[in-house]
Amino acid sequence: MYNMVILQKKELIMKKHINIDIQGMHCASCSAIIEMTLKNKKGIENISVNLLSGSASMIYDENEISPDEITGIINDLGYKAITAEEGVKKKF
Ligand SMILES: [Cu+2]
């Protein structure tokens, strides 16, 4: 009983929401390619890529994938991904 509670808590902590700005998307197939590619990666859920705002929103599991890996996947597709944290760093 006690162990189960701890496991559930752990699971909540490991799943994080992230918003990523993506530069270089021109049309609906650009956003569809990014969405489909990330959807197939382990540890990524609830992904939605928004062409108009040039951003992606998703839940990721810290045990399976890191923000750096996610932006790397997007960059490998030929786009420029910037996480919110990097954006803040650049301003200073
Ligand atoms: Cu396109």
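A: What follows describes the sheet, strand by strand, and then the helices on it.

This is a predicted model, in which local features need pLDDT of at least 70 and side-chain atom pairs count only at pLDDT 80 or more, while totals for chains, interfaces and linings use all residues. Residues are numbered from 1 along each chain as its sequence is written.

The protein chain has 4 helices and 4 strands, where helices (H or I, at least four residues) and strands (E, at least two) are DSSP runs numbered from the N terminus. The 4 strands form an open, antiparallel sheet in the order β2-β3-β1-β4, two strands being paired if DSSP finds at least two bridges between them. Because β2 and β4 (80-83) stand at the edges with a single partner strand each, one side of each is left without a neighbour in the sheet. From one strand to the next, the twist averages 25°, with axes fitted as lines to C-alpha atoms (for helices over the stretch in contact) and angles running from 0 to 180 degrees between N-to-C directions.

Strand β2 (residues 44-50) is joined to the antiparallel strand β3 (residues 55-61) by 5 bridges, and I44 has Y60 in β3 as its bridge partner. These two strands form a hairpin with 4 residues between them, and G54 in the turn has a positive phi of about 65°.

Strand β1 (residues 15-23) pairs with β4 in the antiparallel sense over 4 bridges, and I20 stands opposite T83 in β4. Helix α2 (residues 28-39) packs on the sheet, touching β1, β2 and β3, and its direction makes about 175° with that of β2; contact here means C-beta atoms, placed from the backbone, within 7 Å. Helix α3 (residues 67-76) lies across β1, β3 and β4, running at about 160° to β4.

Technical notes
Two residues are in contact if their C-beta atoms, placed from the backbone, lie within 7 Å.
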